[in-house]
Amino acid sequence: MPTTRHVSFAGPPTARNLAVLCGWGGSKLKSVTKYADFWHRLGWRTVTVEMTVDMTFYPATWTGVADIARTIASECQRHRKQQGPSARVVSHSFSNGGTFMQLALLAENGMHFDGVVYDSAPSLY
């Protein structure tokens with residue numbers, strides 16, 4: 001899939017596993033995409049999403065975060081269906097913004113992750 005506004009799809013198209021990289025607050029797609037190389041070297045496909053300042057601090061209904069999450073969740077479900085039951089989908093969330101996007105993804109019907117990487121994420125206490 002091509003790059004769209006706020007979201008980039010990359011990596012080996014036949015990869016069994018998929019990593020969803022959720023950018024930090026104020027991130028640009030170009031900055032977050034460089035972390036996808038790690039996953040590509042492991043043979044994984046990636047979906048990378050930036051989190052602009054507006055997307056981080058304004059309600060999701062104002063910024064389109066819900067629509068972006070729906071698009072990504074749909075791709076994750078399509079990936080699982082195409083790659084079979086052994087396909088894994090993980091979230092790699094950066095800081096607060098990435099965690100906010102991860103929560104938006106989990107709010108989508110049927111969305112779940114097989115694993116999560118929290119990279120400089122906030123404490124829940």
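This is a predicted model: local features need pLDDT of at least 70, side-chain atom pairs count only at pLDDT 80 or more; totals for chains, interfaces and linings use all residues.

Biologist: Okay, so how many residues of strand S2 are buried?

Modeller: Six of the eight, across residues 18-25, so strand S2 is largely enclosed by the rest of the structure.

Biologist: Which strands does S2 pair with?

Modeller: There are two to look at. With strand S3 (residues 45-51), S2 pairs in the parallel sense over six bridges; Val 20, for example, has Val 47 as its bridge partner there. S2 also runs parallel to strand S4 (residues 89-94), joined by five bridges, and on that side Leu 18 is partnered with Val 89.

Biologist: And the side chains along a strand, where do they point?

Modeller: In a regular strand they alternate between the two faces of the sheet. For a case here, start with Ala 19, which is in S2. Ala 19 has 0% relative accessibility, so it counts as buried. Setting aside neighbours within four places in sequence, Ala 19 is in contact with Trp 39, Trp 44, Arg 45, Thr 46, Val 47 and Val 90. The C-alpha atoms of Ala 19 and Ser 91 are 5.8 Å apart, although 72 residues separate them along the chain.

Biologist: What does Val 20 touch?

Modeller: Not counting residues up to four places away in sequence, its contacts include Ile 72, Cys 76, Leu 105 and Phe 113.

Biologist: How should I read a nonpolar core?

Modeller: The general idea is that in soluble globular proteins, nonpolar side chains tend to be buried together. In this model the largest nonpolar core has 21 residues, and Val 20, Ile 72, Met 101 and Leu 105 have the most contacts inside it. Strand S1 (7-10), S2, S3, helix H5 (65-83) and helix H6 (95-106) each supply at least two residues of this core. Its largest share, six residues, comes from H5. Apart from this core lies another, of eight residues, among them Leu 21, Ala 36, Val 90 and Phe 94.

Biologist: Last one: how many disulfides does the structure hold?

Modeller: A disulfide is a covalent bond between the sulfur atoms of two cysteines. This structure has zero. Take Cys 22: its closest cysteine sulfur, in Cys 76, is 9.0 Å away, too far for a bond.

Biologist: Are those two cysteines buried or exposed?

Modeller: Buried: Cys 22 has 0% relative accessibility, and Cys 76 has a relative accessible area of 1%.

Technical notes
Residues are numbered from 1 along each chain as its sequence is written. Side-chain values use heavy atoms; hydrogens and water are left out. Buried means under 20% relative accessible area, exposed over 50%, partly exposed in between (1.4 Å probe, protein chains only). Helices (H or I, at least four residues) and strands (E, at least two) are DSSP runs, numbered from the N terminus. Two strands pair if DSSP finds at least two bridges between them. Contact means heavy atoms within 4.5 Å. A disulfide is a pair of cysteine sulfur atoms within 2.5 Å. A nonpolar core is a set of buried Ala, Val, Leu, Ile, Met, Phe, Trp, Tyr and Cys residues joined through side-chain atoms within 4.5 Å.
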